[in-house]
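Q: Can you take me through some side chains in this one? I'll ask as I go.

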Amino acid sequence: MTFFAFLFKFAFFLFIAFLVFILWLAYRFYKQVTRVRRQFNPYDYQQQEANSTENTIIDNRPMEERHKQVIPDSEGEYVDFTEDDDTKSE
């Protein structure tokens, strides 16, 4: 009877260990998919790197505001274009 009890406990332990391994594998797969999804999502605010040494611009405006023109057409500089003839007749 003790051999069967030991065998049953050992099989139960293997089952639990296998179950924990499968759950750990599923968690790792989920984390990998989440990391790749965030990498290719340009509007994900969680993607900001804290150790960046460059200046970072974070646009917190709604999506509708992002595509609006920032500088109105009335502002700016207008330069008259005149074509200059570089070929000189000598």
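Q: Is Phe10 buried, exposed or partly exposed?
A: Phe10 is partly exposed, at a relative accessible area of 42%. Buried means under 20%, exposed over 50%, and partly exposed in between (1.4 Å probe, protein chains only). This is a predicted model, where local features need pLDDT of at least 70, side-chain atom pairs count only at pLDDT 80 or more, and totals for chains, interfaces and linings use all residues. Residues are numbered from 1 along each chain as its sequence is written, and side-chain values use heavy atoms, with hydrogens and water left out.

Q: And Phe6, buried or exposed?
A: Phe6 counts as exposed, with 54% relative accessibility.

Q: Where do Phe6 and Phe10 lie?
A: Both are in helix H1 (residues 2–39), four residues apart, about one turn of the helix. Helices are DSSP runs of H or I with at least four residues, strands are E runs of at least two, and both are numbered from the N terminus.

Q: How many aromatic pairs are there in the whole structure?
A: A search finds three. Rings of Phe, Tyr and Trp (its six-membered ring) pair if their centres lie within 6.5 Å; planes under 30 degrees apart are stacked, over 60 edge-to-face, the rest tilted.

Q: Why is the pair of Phe3 and Phe4 edge-to-face?
A: Because the planes of Phe3 and Phe4 are at 65°, with the ring centres 6.0 Å apart. Phe3 and Phe4 are both exposed.

Q: What about Phe6 and Phe10 as a pair?
A: That pair is stacked, 6.3 Å centre to centre with 20° between the planes.

Q: New topic. Where is Glu83?
A: Glu83 is in the segment after helix H2 (63–66), and counts as exposed at 71% relative accessibility.
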